[in-house]
Amino acid sequence: MPPKPAEIWGAFHASDDKPNGHHHRATHWRCINAERPATAPIDIDLDADSPLMKNEEWFATALASALNEKKDVNGEKGAMAGHLRRCEFATEEERALAANLAGRGW
Ligand SMILES: [Zn+2]
């Protein structure tokens, strides 16, 4: 079975809007997490439920910082897979997912 869109979106935060009219902007959870202030408490399991980060106080600032560094990508398969292949924070599972997506249509 080829990976479904939801599987790769699981690694990304989706923007509320679609700046190009077609796609949400996608920001890798682990890139956002990398912007977490050193003073923020580490009390979540990032692998278990990354979207919970959205509820933490530092999240909006960290997301803005990631966007400022142009870490977001267009929310389509090729761009998201490309990010995971290049990202220093991507896990082996995310890299494998990205490799598995290459050349497949949704
Ligand atoms: Zn990343």
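Helix 4 has four buried residues: Met80, Ala81, His83 and Leu84. They span an arc of only 155 degrees around the axis, which puts them on the same side of helix 4. An α-helix has 3.6 residues a turn, so residues three or four places apart point the same way. Keep in mind that this is a predicted model.

What lies over that buried side? The cover of helix 4's buried residues includes helix 1 (5–9), strand 1, strand 2, strand 3 and helix 5. Take Met80 as an example. Beyond its neighbours within four places in sequence, Met80 is in contact with Ile8, Phe12, Ala26, Val73 and Gly75.

**The whole chain**

The protein has five helices and three strands. Along the sequence they follow the pattern α-β-β-α-α-β-α-α. Of its 106 residues, 25% count as buried. Residues 24 or more positions apart account for 58% of them.

Strand 2 (residues 25–28) pairs with strand 1 over three bridges, in the antiparallel sense. Strand 2 is also joined to strand 3 by two bridges, and these strands run antiparallel too. Some of the bridge partners are listed here.

| Residue | Bridge partner | Strand of the partner |
|---|---|---|
| Phe12 | His28 | strand 2 |
| His13 | Thr27 | strand 2 |
| Ala26 | Val73 | strand 3 |

**The nonpolar core**

In soluble globular proteins, nonpolar side chains tend to be buried together. The largest nonpolar core in this model holds 17 residues. Which of them touch the most other members? They are Ile8, Ile32, Met80, Ala81 and Leu84. Helix 2 (29–34), helix 3 (59–68), helix 4 (77–86) and helix 5 (92–101) each supply at least two residues of this core.

This leads back to helix 4. Met80, Ala81 and Leu84 are among its buried residues, and these three also belong to the core members that touch the most others. His83 is buried in helix 4 as well.

Conventions
Residues are numbered from 1 along each chain as its sequence is written. This is a predicted model: local features need pLDDT of at least 70, side-chain atom pairs count only at pLDDT 80 or more; totals for chains, interfaces and linings use all residues. A nonpolar core is a set of buried Ala, Val, Leu, Ile, Met, Phe, Trp, Tyr and Cys residues joined through C-beta atoms within 7 Å. A residue is buried if 20 or more other C-beta atoms lie within 10 Å of its own, exposed if 12 or fewer, and partly exposed in between; C-beta atoms are placed from the backbone. Two residues are in contact if their C-beta atoms, placed from the backbone, lie within 7 Å. Two strands pair if DSSP finds at least two bridges between them. The arc is that of the directions from the helix axis to the C-beta atoms.
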